[in-house]
Protein chains: 2
Amino acid sequence: MFCPSSPPAGLSEKAFRYIDLHQNEFVQTLKEWVAVESDSVQPQPRLRRELFRMMTLAADRLRRLGASVDSVDPGVQQLPNGQSLPIPPIILAELGNDPKKPTVCFYGHLDVQPARQEDGWLTDPYTLTEVDGKLYGRGATDNKGPVLAWINAVSTFRSLEEDLPVNIKFVIEGMEEAGSVGLEELVRKEKDRFFSSVDYVVISDNLWLSQRKPALTYGMRGNSYFRVEVRCRDRDFHSGTFGGILSEPMADLVALLGSLVDSSGHILIPGIYDQVAPLTEEERKMYEAIDLDLEEYRKSVQVKRFLFDTKEEILMHLWRYPSLSIHGIEGAFDEPGAKTVIPGQVIGKFSIRLVPHMNTSVVEKQVTNHLEYIFSKRNSSNQMAVSMTLGLQPWIANIKDKQYLAAKRAIKTVFGTEPDMIRDGSTIPIARIFQDTIQKSVMMLPLGAVDDGEHSQNEKINRWNYIEGSKLFAAFFLEMAKLHY
Amino acid sequence: MFCPSSPPAGLSEKAFRYIDLHQNEFVQTLKEWVAVESDSVQPQPRLRRELFRMMTLAADRLRRLGASVDSVDPGVQQLPNGQSLPIPPIILAELGNDPKKPTVCFYGHLDVQPARQEDGWLTDPYTLTEVDGKLYGRGATDNKGPVLAWINAVSTFRSLEEDLPVNIKFVIEGMEEAGSVGLEELVRKEKDRFFSSVDYVVISDNLWLSQRKPALTYGMRGNSYFRVEVRCRDRDFHSGTFGGILSEPMADLVALLGSLVDSSGHILIPGIYDQVAPLTEEERKMYEAIDLDLEEYRKSVQVKRFLFDTKEEILMHLWRYPSLSIHGIEGAFDEPGAKTVIPGQVIGKFSIRLVPHMNTSVVEKQVTNHLEYIFSKRNSSNQMAVSMTLGLQPWIANIKDKQYLAAKRAIKTVFGTEPDMIRDGSTIPIARIFQDTIQKSVMMLPLGAVDDGEHSQNEKINRWNYIEGSKLFAAFFLEMAKLHY
């Protein structure tokens, strides 16, 4: 398919030098982007206008790079309170369409989580502020910094008047923090147009596992979220007047929730582990190679003891085994103090993090059957109803895909080390959506360090990560081209 | 001790006739008392002033009866928000001190629960309104009606210029609905003064079990309220990032709560039934005699099925066996919707209704030992803490005490039937306080019908209950005198 021409030798050194020399300009652009309060979570019209301004800024930047830019209007966002808000455009951009080169599509987002200085920020969250090599500001690492690092890499080739080693596409949205409203629909719609020429998708919207060692992410857990309702009647009861003669909904619910997982974290739902991919020797070795000081990690998260003692077991139970968490109960007495109530109907909430090759619809059946069995054994006069309110499939990539190989080589070139091959225990649906819809390899190539504090107060990206990350992307383009040589 | 003189024959008929003839006056006084918004629950100064006015009205009424009245100032009520409010006086009144007669002390309260017409009242809650023989108004049955019925009985003897068959004392408070603030302290302080001459205490602050058949109440369950806290760390966790490697506090708590009671309502805490009084044949017969249509009751409370099928079992499990209810969980996710949180620390709330001869401090130890055992078996890395936040002893009277005999005879005279001998599954601490502090027989002699709706919208007392209740108290005085003859 590809008839590539090898990039000239020494180009990477030239690109790296350019990036080093222009790093202050790159930081300046990040500062301008961070200054836009592109908060997609809160519904104020002022913030929504900032979000639109942010997307315009990015579209202009891409046009100045020479890209052809299409700002697609995804329509209107309906809030639960009935309010409707315009959704900022999703940018579909394209730079180069040489059939001899592979086409890499970069996904990123430019909206941010809310931030106010009075929440505990040491600096104004919308004024990028450098302290000891750390660039503090909302969106610095999630996700404005990585989006700009990719743009910096592209612009480096343009400024050096060098041919881009790969064709580049961009998908940049402004609603990620609000659930990527409208994105999946657009990806489906553009499957046979914009995405038809895409060979690889790169996402850079997560973090390394360490402060200094780069990582490559090849999997994320999915999530099946359940509600189980037990109902006696609509109204509550007084425990003095009714205690002793009722099948109390809370007793039923506590028994149901108590049947889900044992004290070692093992899920007790029959069949739940049947579809979990077996552990291969090759995979086991990847965990051994990962840079994680378990004791330091344990202290940093303020946990007295984990369920497992070794780094490998901890990582496997976060990434490649399912877990079940009970989140809470709706409808019972949840306030401070004492209330002698027998709740009339209660709803338990729990979810299961899914791993390859578990499937949400199989899990839904297993959970429902299990709870129905447990409930039937109680011979309760109450009514029970189980439903899966959210079902997100797990995602896993084939790490033998060419872009993983290219990324590893680029990391070796820029950082002088092999990356940690990591997964993520949580769920970013977008990776799975790209993989399922356009059926191409998806890779997550993070730039930020583990302590960047995305979504937190004092979010930052290290200048070093931002600049070396820009080099990493440049090196990645070159390695991709070489692999297709 | 007593050297009584028998009341003249025919006096009861005379008294009943007087009450029938003056019933409209008695209803008029109830109307005047209901018109005072003596709400002790809400902190508005206007309501507190009404409460004071109510107590003054009552003190004046008792003085006009010829009683010596002492209005004791219990001091100041501290609200959780820092506000302090004056507590209305507690009335200690005395009418007659003939050493040849027994002294009966009547306890009642004149404060009420909040009520607003817009909450669903069909009439103004503070305008006593008669519809089909029902007198609707806040406080009509709880507790202004019964207090006035007692006063009506006393005033009948005064109006007829007949000697009172017994010495009467009154304890009337204005803070019952707010937890009887200051009352227990006053009872202790007056133990060897005001209460030294008291032989019997009568409370009329509950309801019959039926609409037409009178009842005598000889027991109430106590209550031990527990909180059990399971803590990993102060902050919550994200279930994607931590699910699978933690001893999750919710899993521990659900296991702890699930170990307390089985699906048949049987409490699983070792030893908890050891001190429950054995069921005697005599007691069993009392349940058989009680007027309760189980099917009608089940429908009226909208429950599909109770844990037991017979009237006797239902009553025993409400009154003479302990029950355990799980009220809820503080600190977990309790809102509608989905949140993928692992709560960092959670607090379970449950309580046990205690019956004779269970003891709160024994129960506290049993519960604590049990939960510590269950928790230790889990080998969890979390911390658990159990505490009993409220411990109210159960109360039971000796139904062979003279006043129970007198009340039964009076009921037979006025209503032509034996009373239902009932207990209450809930807890009114005041009965136990009187019994423990002044060490005299306490009896609960209700006047109101089961459908009076105390604390609800459209609270009422039937004119029939109010007037026959006044006769009942008059007949009770006479029977007490006869028994001491």
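User: Which residues does Asp205(A) touch, not counting residues up to four places away in sequence?

Analyst: Those would be His109(A), Asp142(A), Asn143(A), Glu176(A), Ile428(A) and Glu454(A), where contact means heavy atoms within 4.5 Å. Bear in mind that this is a predicted model: local features need pLDDT of at least 70, side-chain atom pairs count only at pLDDT 80 or more, and totals for chains, interfaces and linings use all residues. Side-chain values use heavy atoms, with hydrogens and water left out, residues are numbered from 1 along each chain as its sequence is written, and chains are lettered from A and ligands numbered from 1 in the order in which they are written.

User: What makes the link between the side chains of Asp205(A) and His109(A) a polar contact?

Analyst: The two side chains come to 3.3 Å. A polar contact is a pair of N or O atoms within 3.5 Å; within protein, one must be able to donate a hydrogen and the other to accept it, and residues adjacent in sequence count only if both atoms are side-chain atoms.

User: Why is Asp205(A) called buried?

Analyst: Its relative accessibility is 7%, and buried means under 20% relative accessible area, exposed over 50%, partly exposed in between (1.4 Å probe, protein chains only). His109(A) is buried too, at 0%.

User: Why is the pair Phe476(B) and Phe477(B) called tilted?

Analyst: Their ring centres are 6.5 Å apart and the planes sit at 55°. Rings of Phe, Tyr and Trp (its six-membered ring) pair if their centres lie within 6.5 Å; planes under 30 degrees apart count as stacked, over 60 as edge-to-face and the rest as tilted. So tilted is the word for this pair.
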